[in-house]
Each structure stands twice: as structure tokens, then as C-alpha cells.
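Please open the structure in your viewer and keep the selection tool at hand. The stops below say what to select next and what is there.

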Amino acid sequence: MFTRARSYTSVKLELPLAKHIFEGFKYYPQLRQQYNLNDMYINSLTWAEYGLNYGYMFYQRNRTLMSGGINIRYLTGINAIGVNVENLNYEVKDSTNLEIYNFSGQVQQAAPAFGSGVGWGLDLGFEYKHMLEDITRYRPNSRRGGCKRVDYKWKVGVSVLDIGYINFNKSASYQDFQNRGSTWYKYDSTGIKGYGGVDSLINARFNREGTVFKEPQFKAWLPLAASVQFDYNFENNFYINATASYGPRLGNNVRRGGLIAIVPRYECKRWEISSPLSLWDFQYPQFAILS
């Protein structure tokens, strides 16, 4: 049994808007220029989970060991926000006036509160090991086997993580805006206080006539991912691991970044050291030394 709290945020912005957010909308080089941006998003999801884990070795013969595992989790929503921008056409006229010619996209949000939503989650995994010795009668961590440890020569694992969703239905809203425009005078003096201020601002800018219906609930999908891992034992305390994972974006929801990693390591009974080299989202290199 286990419990934990988790939070994911995923963002994709085109350069002009990212520059405006970083520098402020008074950034002179981008004044009086019209921008037409597409396919952007800002998503965040925070939740607590309470789970059960079960693993089982279902095949054990000669040097082959196969096992599977499952996590089943009950989820309690804490916070969720999603802004999916299909198209945004805008121009900062001057230091006080912002013209939005067109906005198409979806906005969903829930006021931060423990228990603002509930849901279920699931993880599934399978592992194949080629062992260094015959393990037909091997019982790991057992007095009957003399607490003997048999290592593997190589192993491969496949898993699917975070299958599931949370249904937010307390102080929640979902709206779909299509081809909406707005003239925002004195945007620099607009004050926002909390969740209610964000909701009021969005509706004041893009739903003045009240024609966009507000759904009082929405489903937030977990950051789903598929993963494959391979590990090889050189039999001298040196190992090497290769991992690849991919996370699709499901609608207006958080996305888990993709990963390719090569991780050599030196492993002893009480300590180990490793130096992972990875490509986050298949393009951003990262390197570290861990012990």
C-alpha cells in the first residue's frame, strides 16, 4: 500500500508570446506588431493518490524469469488548469492597449481545494529476465533459499503508466471559445486576485454576451506514458541501462515529456554510482552524476 501527492505542469508557447510573458507586454521591440500564433498550451494538474501494488513471478524455469505488476490508485484532485490555444491573433498597440483579433481554444480550471475532484489511475508492467544461474527452484528473499541472491545477465521491461483521469466537479468550469476577439484597454492596470479573478477576466474578455456555455465539470487525464527499459550486467559490478518513454497529450491535459536515456552504473551491495545521459523530449540533452 502507498500514498503520495504529485504535480505535473506542461507548457508549449511560441516565441513571441513567450517573449511577451518574460519581458512584459510593454516590451518595445514587439509593440505594434501583429502576431498569429497556433498550437500552444499551458496545463497543470495536482492530486493525491492512495494505491495498492501487486507483483507476481508467473514463469520461472531454467534461466528465464518473467513477472508482472500492477498499481491501482484512488485519486483525489487538488488543482487543475488547462488553456489550449488553437489560434491566437493579437497586437500590442502601445503600453496600455492590447488588441486580440481572434482567439480559438478551450479553457478549463478548478479552484484549488483538496477533494475538488475524484478519479482512478492504473499502472501496468511486465519484465523478462535472463538469469546467470538456473532459477527453477529459486525463491528470492526466502529462508528456504538461504536468502540467496541470483543476478540477471540482462532484462527487459515494458510498462504503461498513469492510465486514468480525475473528474473535477467542485468550483470547476470548462469553456470552448471559437473566433473570439477583444479590445483590452489599460491591460497594464488589470488586477487579478485568485481563481475567481482569472475566471472573471476570461469571461469579460471573450464572453461578454454570455453566449459561450460554461460546463460545471471536466475530466482531467493523467500524464499517460509508455516506457521500455533494457538493462545489461557485465558481471563485474558494472551495468548499463537504456530507457525510452513517450507521453502523448490527450486533449487539453498535461503531457509527460518523452525521454531517451543511457545510464552506465557501478553497483555494490550498499552503494552505487551512475551517470545518466538523456535527451528530454527527444531533443534536450541532460547529464548528471548520481551516487
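**A short tour**

Begin by selecting Val118, which lies in strand S5, strands being DSSP runs of E with at least two residues, numbered from the N terminus. This is a predicted model, in which local features need pLDDT of at least 70 and side-chain atom pairs count only at pLDDT 80 or more, while totals for chains, interfaces and linings use all residues. Residues are numbered from 1 along each chain as its sequence is written, and side-chain values use heavy atoms, with hydrogens and water left out.

Val118 is partly exposed at 39% relative accessibility, a class between buried (under 20% relative accessible area) and exposed (over 50%), with a 1.4 Å probe and protein chains only.

Next, select Asn89, whose place is in strand S3, residues 64-92. Is Asn89 buried or exposed? With a relative accessible area of 11%, Asn89 is buried. Show its side chain together with that of Gln34, and you will find a polar contact of 3.3 Å joining the two; such a contact is a pair of N or O atoms within 3.5 Å, where within protein one must be able to donate a hydrogen and the other to accept it, and residues adjacent in sequence count only if both atoms are side-chain atoms. The backbone oxygen of Tyr35 lies 3.1 Å from a polar atom of the Asn89 side chain.

Now move to Asp39, placed in strand S2, residues 34-61, where phi is near 55°, a positive value in a residue other than glycine. Asp39 is partly exposed, with a relative accessible area of 45%.

Finish at Asp281, in the loop between strand S13 (277-280) and strand S14 (284-287), where phi is near 60°, again positive in a residue other than glycine.

How values were computed: Helices (H or I, at least four residues) and strands (E, at least two) are DSSP runs, numbered from the N terminus.
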